[in-house]
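Me: I've got a structure open and want to know what the labels on it rest on. Can I put some questions to you?

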Amino acid sequence: MNKPLLIIGNKNYSSWSLRAWLLLKMFDIDFNEHPIALFSDSSKPILQAHSATGKVPVLVDDGINICDSLAIALYVNDYLTDKSIWGNEKNSKAERSHCQSLVAEMHSGLMGIRSEMPMNIRATARIQPSKQCLADIARVEQIFAQCLQNKAKSSDLSEGYLFGEFSVADAFFAPVIFRLKTYADASKIALKPTTEKYCEVMLSNPYMQQWQALALQETQVIADDEAGEIVRVVGVLG
Ligand SMILES: N[C@@H](CCC(=O)N[C@@H](CS)C(=O)NCC(=O)O)C(=O)O
């Protein structure tokens with residue numbers, strides 16, 4: 001049988017692609033990837049050929065095209081792994097539901113962060129966050145603190161992820177980690193120690209590092225995803 005194929009966008013910018021890619025990597029799913037340079041002349045027809053939504057990520061498996069990061073996560077859980085994508089197998093019903101709520105919240109909300117802090121891995125940039133954006137950052141910090149506190153209280157040997165072992169919640173918040181790295185310090189947004197600690201865990205994940213290294217090799221600049229005053233650029237464009 002053919003390996004699943006994951007169609008993704010630019011590693012520097014495509015936050016939804018990162019979520020699906022990281023989940024597949026962390027659940028040891030052997031897949032091929034097809035990167036597309038988003039918003040280039042050639043990208044729309046390629047996207048439309050594979051994706052009902054005209055967006056990435058798309059997972060193609062067994063003749064089925066699964067569009068949308070959340071649908072991909074559910075497909076992985078149902079068909080591509082025996083492990084639970086919702087954290088430790090022995091997590092309680094409440095923990096599992098909490099994980100699902102956070103994934104849904106990231107997927108449908110936190111628009112202040114998503115619009116004012118676009119993922120731009122190679123950059124360090126200064127922004128003037130709106131009240132909505134600051135409220136979203138506070139909410140994200142509360143999520144991280146609560147999850148890590150819950151895990152610290154439990155007898156599980158936690159790996160420092162939100163629900164013990166790596167879960168889809170970590171995959172969904174992964175782009176937020178790169179966003180905080182790009183904008184928080186430069187914009188004088190002070191982060192809680194728990195946020196810093198969780199950022200460290202995520203930034204030392206080998207697949208996050210692999211994605212980051214590949215993002216730094218990219219040369220396409222998407223003007224609409226360049227927010228704020230850029231103070232530093234690293235990688236081949238640096
Ligand atoms: N809700 C979708 C969002 C997908 C999305 O917005 N993808 C962006 C890239 S991160 C995209 O494909 N943009 C290309 C376009 O709109 O032409 C998901 O969860 O996968």
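Me: What makes residues count as being in contact with alanine 174, once its neighbours within four places in sequence are left aside?
Reply: Two residues are in contact if their C-beta atoms, placed from the backbone, lie within 7 Å. Leaving aside neighbours within four places in sequence, Leu18, Arg19, Leu22, Met202 and Met208 are in contact with alanine 174. Bear in mind that this is a predicted model: local features need pLDDT of at least 70, side-chain atom pairs count only at pLDDT 80 or more, and totals for chains, interfaces and linings use all residues. Numbering runs from 1 along each chain as its sequence is written.

Me: Which residues touch the most other members of the largest nonpolar core?
Reply: That core has 60 residues, and Trp21, Leu22, Leu23, Val168, Ala169 and Ala174 touch the most other members. Helix H7 (residues 168-183) gives the most to this core, with 11 residues. Helices here are DSSP runs (H or I, at least four residues), strands are too (E, at least two), and both are numbered from the N terminus.

Me: And what makes it a nonpolar core?
Reply: The name is for a set of buried Ala, Val, Leu, Ile, Met, Phe, Trp, Tyr and Cys residues joined through C-beta atoms within 7 Å. Buried means that 20 or more other C-beta atoms lie within 10 Å of a residue's own; exposed is 12 or fewer, partly exposed is in between, and C-beta atoms are placed from the backbone. In soluble globular proteins, nonpolar side chains tend to be buried together.

Me: How do you know where this core lies relative to domain 1 and domain 2?
Reply: Domain 1 (5-80) and domain 2 (93-233) both contribute residues, so the core lies between them. The bounds come from an automatic or database domain assignment.

Me: How many residues of domain 1 are in contact with domain 2?
Reply: 17 residues of domain 1 are in contact with 22 residues of domain 2. On the domain 1 side, H1 and H3 are the elements that give two or more residues, and H1 gives the most, with 8 residues. By class, that side has 11 nonpolar, 3 polar and 3 charged residues. For those classes, Ala, Val, Leu, Ile, Met, Phe, Trp, Tyr, Cys and Pro count as nonpolar, Asp, Glu, Lys and Arg as charged, and the others, Gly among them, as polar.

Me: Why is alanine 145 called partly exposed?
Reply: Alanine 145 has 16 other C-beta atoms within 10 Å, so it is partly exposed. It is found in helix H6 (residues 131-153), and leaving aside neighbours within four places in sequence, alanine 145 is in contact with Lys192 and Thr194.

Me: What about glutamate 218: why is that one called partly exposed?
Reply: With 18 other C-beta atoms within 10 Å, glutamate 218 is partly exposed. Its place is in the loop between helix H9 (206-217) and strand E6 (229-233). Glutamate 218 and lysine 11 are 207 residues apart in sequence and 7.7 Å apart in space, C-alpha to C-alpha.

Me: How do you know that E3 and E4 pair?
Reply: Strands pair if DSSP finds at least two bridges between them. Strand E3 (residues 58-61) and strand E4 (residues 64-67) run antiparallel and are joined by 4 bridges, so they pair.
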